[in-house]
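Biologist: Show me how to read packing from a set of coordinates. Take one feature at a time, please.

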Amino acid sequence: MDHADHVRLIREGVSGGGSTWADLGSGEGAFTLALADLLGPGGSIHTVDRDRGALEVQLRRLETAFPAVRITPIAADFTAPIELPSLDGILMANSLHFVRDKAPVLALVLGYLRPGGRLVLVEYGADHGNPYVPYPLSFVTWSSVAVAAGFRDTRQLATVPSRFLGSIYSALSLR
Ligand SMILES: C[S@@+](CC[C@H](N)C(=O)[O-])C[C@H]1O[C@@H](n2cnc3c(N)ncnc32)[C@H](O)[C@@H]1O
């Protein structure tokens with residue numbers, strides 16, 4: 001996947017959804033760059049990852065490509081509470097599958113969002129993992145997990161084929 005694929009996967013979930021976002025498990029920023037592209041100048045992204053090295057790489061890439069988007073890197077574990085402003089949206093791309101017990105994390109995510117705020121999830125379309133993707137969840141599973149976590153109006157946005165675990169989907173849910 002390239003930048004255009006990343007943008008295409010999350011575009012509908014991000015566009016028109018406000019300017020203050022967080023990217024939980026942002027890594028080296030592949031999807032943060034897509035988010036920054038869609039938010040444009042005036043956008044603000046709190047990027048959270050427990051890997052400080054990845055955050056540094058990501059910050060350099062974002063400063064070069066999208067200098068008018070404000071980036072606030074936060075080195076933290078997103079399974080614990082993080083100090084964040086009330087958010088218009090949260091992106092979790094290929095990061096929720098690292099969490100076995102998803103309900104407590106989703107409760108935190110819901111709490112960070114303003115009423116009507118958006119959660120954009122990018123995940124593999126599979127319910128059985130491997131050592132690299134330990135706890136994936138297909139869109140069908142995510143639909144019921146999201147309801148149980150208090151999200152509403154969950155819908156799939158886009159999918160791309162993946163040699164690894166078959167496919168990758170994006171989904172939008174609202175607080
Ligand atoms: C597969 S990478 C995905 C990075 C990026 N979102 C993307 O799609 O290109 C997963 C990232 O989530 C981070 N991560 C996993 N569990 C985490 C946790 N509990 N707290 C913070 N970061 C976490 C890892 O450090 C890694 O950078």
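**Reading the packing**

Modeller: Start with one residue. Ser 170 touches Leu 9, Leu 121, Val 122, Arg 155, Gln 156, Leu 157 and Ala 158, leaving aside residues up to four places away in sequence. Keep in mind that this is a predicted model.

Biologist: Where does Ser 170 sit? Is Ser 170 buried or exposed?

Modeller: Its place is in strand S7. Buried means under 20% relative accessible area. Ser 170 has 0% relative accessibility, so Ser 170 counts as buried.

Biologist: How is the pair of Trp 142 and Phe 151 arranged?

Modeller: That pair is tilted. The centres are 6.4 Å apart, and the planes make 45 degrees. Trp 142 is buried, at a relative accessible area of 0%. Phe 151 counts as buried too, at 3%.

Biologist: Now helices. How do I read two of them packing?

Modeller: Take the distance between the axes, then the angle, then the hand. The axes of helix H1 (residues 3–14) and helix H2 (residues 30–39) come within 9 Å and cross at roughly 55 degrees. That makes H1 oblique to H2. H1 passes H2 in a right-handed crossing.

Biologist: Which residues of H1 and H2 meet?

Modeller: From H1 come His 3, His 6, Val 7, Leu 9, Ile 10, Arg 11 and Val 14. From H2 come Ala 30, Phe 31, Leu 33, Ala 34, Leu 35, Asp 37, Leu 38 and Leu 39. By class, the contact of H1 with H2 has 11 nonpolar, two polar and two charged residues.

Biologist: At what angle do H2 and H3 pack?

Modeller: At about 25 degrees, with axes 10 Å apart. Angles under 35 degrees count as roughly parallel. H2 and H3 are therefore roughly parallel to each other. Their crossing is right-handed. H2 gives Ala 30, Thr 32, Leu 33 and Ala 36 to the contact, and H3 gives Gln 58, Arg 61, Leu 62 and Ala 65. The contact of H2 with H3 divides into five nonpolar residues, two polar and one charged.

Biologist: How many residues of H2 are buried?

Modeller: Eight of its 10 residues, so H2 is mostly covered. The buried ones are Phe 31, Thr 32, Leu 33, Ala 34, Leu 35, Ala 36, Leu 38 and Leu 39.

Biologist: What covers the buried residues of H2?

Modeller: The cover includes H1, strand S1 (20–24), strand S2 (44–49), helix H3 (52–65), strand S4 (87–93) and strand S5 (113–124). After H2 comes Gly 40, with a positive phi near 75 degrees.

Biologist: Zoom in on Thr 32. What does Thr 32 touch?

Modeller: Thr 32 is found in helix H2. Its relative accessible area is 0%, so Thr 32 is buried. Thr 32 touches Asp 23, Ser 26, Ile 45, Thr 47, Gln 58 and Leu 62, not counting residues up to four places away in sequence.

Biologist: And Arg 52: buried or exposed?

Modeller: Exposed, with a relative accessible area of 59%. Arg 52 has its place in helix H3. The C-alpha atoms of Arg 52 and Ile 74 are separated by 8.5 Å, and these residues are 22 apart along the chain.

Biologist: One last residue. Where does Gly 117 lie, and what does Gly 117 touch?

Modeller: Gly 117 lies in strand S5. At 0% relative accessibility, Gly 117 counts as buried. Gly 117 touches Asp 88, Ser 173, Leu 174 and Arg 175, again not counting residues up to four places away in sequence. Gly 117 and Ile 82 are 35 residues apart in sequence and 17 Å apart in space, C-alpha to C-alpha.

Technical notes. Residues are numbered from 1 along each chain as its sequence is written. This is a predicted model: local features need pLDDT of at least 70, side-chain atom pairs count only at pLDDT 80 or more; totals for chains, interfaces and linings use all residues. Side-chain values use heavy atoms; hydrogens and water are left out. Rings of Phe, Tyr and Trp (its six-membered ring) pair if their centres lie within 6.5 Å; planes under 30 degrees apart count as stacked, over 60 as edge-to-face and the rest as tilted. Buried means under 20% relative accessible area, exposed over 50%, partly exposed in between (1.4 Å probe, protein chains only). Axes are lines fitted to C-alpha atoms, for helices over the stretch in contact, and angles run from 0 to 180 degrees between N-to-C directions. Helices (H or I, at least four residues) and strands (E, at least two) are DSSP runs, numbered from the N terminus. Angles under 35 degrees count as roughly parallel, over 145 as roughly antiparallel, 65 to 115 as roughly perpendicular and the rest as oblique. A crossing is left-handed if the near helix is turned anticlockwise from the far one by less than a right angle, and right-handed if clockwise. Contact means heavy atoms within 4.5 Å. Ala, Val, Leu, Ile, Met, Phe, Trp, Tyr, Cys and Pro count as nonpolar, Asp, Glu, Lys and Arg as charged, and the others, Gly among them, as polar.
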